[in-house]
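Please look through the sequence and the model shown here before reading on. The report then goes through the confidence, the strands and the helices.

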Amino acid sequence: MSEQSLGPDKTRSLLIAKGQGWQADEVVCGAGPGDRPFEEQHAWTSVAAVLSGVFSYRSDRGRALMTPGSLLLGEAGTCFRCGHEHATGDRCLAFHFAPDLVEETLSGLAGRGASGFTAPRLPPLERLLPLLSRAKRLAGSRDAREAEALALDVARSAFGVDGERTSRPPSTREEAKAAEAVRIIDAAFADPLTVAGLAAAVGLGRQRLAVAFRRTVGVAPYNYVLRRRLSAAAERLRAGQESVLSIALDVGFGDLSEFTRRFRRHYGVSPGAWRRMR
């Protein structure tokens, strides 16, 4: 069940796979800062993995900046707005879940009643890295069997992982500065980035950038850089036969032992085992 559009836009949605109570679509949007946001509606409960791009998302659960690695959360029947005031375009893998599947998922989670999402998104948490890696792979392979398994895992994770908790929402200026820092990181995550360098590039002090980034993105700048590096490494390990050392150095790690330790911690297996799993 795709999203219901309530106005003209610059998006295209491509069905990847569907099954009993779920559907997966690749959604690509070409809107930019000069385009006016318009309202859409979630037909089913929706969880969209942001694969690329930066955009704002507003629902009845609040407003959040969506960045690569975050999960957009949408309640069935509710309206939402997406805006691209900070950058042009985005690409998402969107999963839609029927009421019966949502109820079944909630009933299987300890401590969760029949309630919906508590936040408009899940930030790019390191524990979600394996899911995001699978989402990227599915967008390329369109494997129906993998789509069903991933859809069920996404539903459990979206409801099972607590939403972000911040002291207060970011200001308009904080969001703009954090979005600028995200674009810099996405373009150069393999470089030796520092908070001081990012802060200077966006015109903020180090502490102010750190606070603005966490309030806006949901994680610290360093953790976002680390997630981007590990995600890129996981993709390259799946795609070819480059040496693990070469990949580790290319994505920004200083040595093989550090890369292996962090990769195993976040993906649960060694880089070599991850490659063999493909």
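What follows is a short report on a predicted model.

**Confidence**

The protein chain has a mean pLDDT of 88, and 92% of its residues reach 70 or more. Residues 2-8 are a stretch where pLDDT stays under 50. For residues 2-8 the model has 20 contacts beyond four places in sequence. Where pLDDT is low, the predicted coordinates should not be read in detail.

**Strands**

An open sheet is formed by six strands, in the order S2-S3-S10-S5-S8-S11, with antiparallel pairing. The edges are taken by strand S2 (11-19) and strand S11 (121-122). Each of these has a single partner strand, so one side of each is left without a neighbour in the sheet.

Strand S5 covers residues 45-53 and strand S8 covers residues 71-74. Ala48 has Leu72 in S8 as its bridge partner.

Strand S9 (residues 79-83) pairs with strand S4 (residues 39-41) in the antiparallel sense. Here Gln41 stands opposite Cys79 in S9. Strand S9 is also joined to strand S6 (residues 55-59), and Arg58 has Arg81 in S9 as its bridge partner.

| Strands | Direction | Bridges |
|---|---|---|
| S5 and S8 | antiparallel | four bridges |
| S4 and S9 | antiparallel | three bridges |
| S6 and S9 | antiparallel | three bridges |

**Helices H2 and H3**

Helix H2 (residues 129-141) packs with helix H3 (residues 144-160) at an angle of about 145°, and their axes are 11 Å apart. The crossing of H2 and H3 is left-handed. On the H2 side the contact has Leu131, Arg134, Ala135, Arg137 and Leu138. These meet Glu146, Ala147, Ala149, Leu150, Asp153, Val154 and Ser157 in H3. Sorted by class, the contact of H2 with H3 has seven nonpolar, one polar and four charged residues.

**Helices H4 and H7**

The axes of H4 and helix H7 (residues 221-239) come within 10 Å and cross at roughly 35°. The crossing of H4 and H7 is right-handed. H4 contributes Val182, Ile185 and Asp186 to the contact, while H7 contributes Pro221, Tyr224, Val225 and Arg228. By class, five residues in the contact of H4 with H7 are nonpolar, none is polar and two are charged.

Asp186 can be followed in more detail. Asp186 lies in helix H4, which covers residues 172-188. Which residues does Asp186 touch, not counting residues up to four places away in sequence? They are Pro68, Tyr224 and Arg228. With Arg228 there is also a polar contact, made between the side chain of Asp186 and the side chain of Arg228 at 2.8 Å.

Methods. Residues numbered from 1 in each chain as written. Predicted model: local features only at pLDDT ≥ 70, side-chain atom pairs only at ≥ 80, totals over all residues. Heavy atoms only, no water. Pairing = 2+ DSSP bridges. Helix = DSSP H or I, 4+ residues; strand = E, 2+ residues; numbered from the N terminus. Polar contact = N/O pair within 3.5 Å; in protein donor to acceptor, adjacent residues only side chain to side chain. Contact = heavy atoms within 4.5 Å. pLDDT = per-residue confidence, 0-100. Axes fitted to C-alpha atoms, helices over the stretch in contact; angles between N-to-C directions. Left-handed = near helix turned anticlockwise from the far one by under 90°. Nonpolar A, V, L, I, M, F, W, Y, C, P; charged D, E, K, R; others polar.
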